[in-house]
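Hi everyone, thanks for coming.

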Amino acid sequence: MQLKKGYVILIIHVNNNPELQVYVADFGNRKHDRALIAEADGKVIGAVWTRIMNDYGHIDNQTPSLAISIYKEYRGFGIGTELMKNIIRILKESGYEKVSLAVQKNNYAVKMYRTVGFELADENDEEYIMVCRLTVAI
């Protein structure tokens, strides 16, 4: 596995969904856009990206929201954890104090988010809003 900085994003069913355009529209052209991709055998197999946006995980206008996607056949090998650790490091080095995300309560990735330093900040019927304070993150 190889991690690269970049603005190539693994997008699954996002382009045709207007509700999800906040995650990808003009990505790479905004000051707070950050992304990493994971490759295996020259194929993009996963990505993590952040931007300050008014999405499900939005907590304030200084905190980037995070999104991550790994192809199903590559899950369970630690790729998501490595992407998360690296994007957290990049955000910390860039001077951000925290990063947020929203995740469905029944999503298996909740455990991984906690492992890399995310804590519950809020919740609704379906989702957790989680925050990672970068001053204490791994």
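Lys105 is partly exposed, at 30% relative accessible area. Keep in mind that this is a predicted model. What does Lys105 form a salt bridge with? The partner is Glu123, and the closest N and O atoms are 2.7 Å apart. Glu123 is partly exposed as well, with a relative accessibility of 41%. Lys105 sits in the loop between S5 and helix H2 (110–115), while Glu123 belongs to strand S6 (residues 118–123), so this pair ties together parts 18 residues apart in sequence.

Now please turn to Arg51 and Asp33. Are these two buried or exposed? Arg51 is buried, with a relative accessible area of 0%, and Asp33 counts as buried too, at 1%. Their side chains meet in a salt bridge, at 3.0 Å from N to O. Arg51 is part of strand S3 (residues 43–51), and Asp33 lies in the loop between strand S1 (2–5) and strand S2 (34–40), so here again parts 18 residues apart in sequence are tied together.

One more pair to show you: Lys98 and Asp60 form a salt bridge, with 3.5 Å between the closest N and O atoms. This one links distant parts of the chain, 38 residues apart: Lys98 is in strand S5 (residues 98–104) and Asp60 in the loop between S3 and strand S4 (65–70).

How values were computed
Residues numbered from 1 in each chain as written. Predicted model: local features only at pLDDT ≥ 70, side-chain atom pairs only at ≥ 80, totals over all residues. Heavy atoms only, no water. Salt bridge = Lys/Arg side-chain N within 4 Å of Asp/Glu carboxyl O. Helix = DSSP H or I, 4+ residues; strand = E, 2+ residues; numbered from the N terminus. Buried < 20%, exposed > 50% of the residue type's maximum accessible area, 1.4 Å probe, protein only.
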